[in-house]
Amino acid sequence: MQNTFANEANFVQGLKKGDSEAYTYLVETYHHKLCTYALGLIRDIDLSEDIVQDVFIKIWKQRKKLKDDIDLTNYLYKSVYNRFIDQYRKMRTVFSLEKVHIDTLNVFVQEDSENSLERIIAYVKSEIENLPPKCKQAFLLSKQEGLTNHEIAEYLNISTKSVEGHITKAFSILRKTLDGKMNGVFFLLFGKDLKQ
């Protein structure tokens with residue numbers, strides 16, 4: 001089966017014909033990669049798997065419409081990204097995703113989808129890891145764990161003012177180390193604009 005579908009044209013034709021082996025190959029080849037990609041976007045294992053499952057189901061239902069010359073990898077990553085945006089809108093009804101952020105991320109997805117966005121997310125996370133320890137801890141408790149400044153202050157046994165200072169310092173450092181292209185990714189990871 002592996003050899004039969006190593007050629008993408010044969011693979012796409014197999015999918016279009018409804019070949020169950022082609023579909024199995026699709027899932028086996030892309031499931032883990034797409035789940036990793038979705039997890040980097042949404043930070044929820046169950047939701048990321050749901051998104052990938054939805055993408056696979058959609059491909060199967062619309063398999064006859066696939067173009068013969070489709071770049072399947074790019075199509076899959078764009079599909080996961082689009083489902084993520086749908087999920088994001090449902091989850092973040094309070095926030096309105098600004099067009100600039102969607103456009104920024106769309107550029108990444110249209111580039112080398114598999115590596116580009118994953119690389120950028122990894123870069124953003126590595127810059128967060130480089131923050132001074134107290135800044136990083138306060139920042140992650142706030143933006144990743146969703147704790148209030150008061151809760152962080154109690155948890156770290158410091159004043160609320162100190163927490164605010166650490167988070168402000170973290171944003172100040174990240175603004176300097178992350179260029180404008182990263183703003184869209186940062187916004188989606190943490191729900192906050194780096195420019196503010």
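Guide: Let's start with Ser-48, which sits in helix H3. Keep in mind that this is a predicted model.

Visitor: Why is Ser-48 called buried?

Guide: Buried means under 20% relative accessible area. Ser-48 has a value of 2%, so buried is the word for it. Not counting residues up to four places away in sequence, Ser-48 touches Cys-35, Ala-38, Leu-39 and Ile-42.

Visitor: What is the mean pLDDT of helix H3?

Guide: H3, residues 45-61, has a mean of 90, the highest among the elements of the protein. For the protein as a whole the mean is 77, with 71% of residues reaching 70 or more.

Visitor: What makes H8 and H9 roughly perpendicular?

Guide: Their axes cross at roughly 105° and come within 8 Å. Angles from 65 to 115 degrees count as roughly perpendicular, and therefore H8 and H9 get that label.

Visitor: Which residues meet where H8 and H9 touch?

Guide: From H8 you have Asn-149, His-150, Ile-152 and Ala-153, and from H9 Thr-160, Val-163, Glu-164 and Ile-167. Sorted by class, that contact has four nonpolar, three polar and one charged residues.

Visitor: Where does pLDDT stay under 50?

Guide: That's residues 93-100, for which the model has nine contacts beyond four places in sequence. Helix H5, residues 99-110, has the lowest mean pLDDT among the elements, at 52.

Visitor: Why not read such coordinates in detail?

Guide: Because low pLDDT means that the predicted coordinates should not be read that way.

Key
Residues numbered from 1 in each chain as written. Predicted model: local features only at pLDDT ≥ 70, side-chain atom pairs only at ≥ 80, totals over all residues. Heavy atoms only, no water. pLDDT = per-residue confidence, 0-100. Helix = DSSP H or I, 4+ residues; strand = E, 2+ residues; numbered from the N terminus. Contact = heavy atoms within 4.5 Å. Buried < 20%, exposed > 50% of the residue type's maximum accessible area, 1.4 Å probe, protein only. Axes fitted to C-alpha atoms, helices over the stretch in contact; angles between N-to-C directions. Parallel < 35°, antiparallel > 145°, perpendicular 65-115°, else oblique. Nonpolar A, V, L, I, M, F, W, Y, C, P; charged D, E, K, R; others polar.
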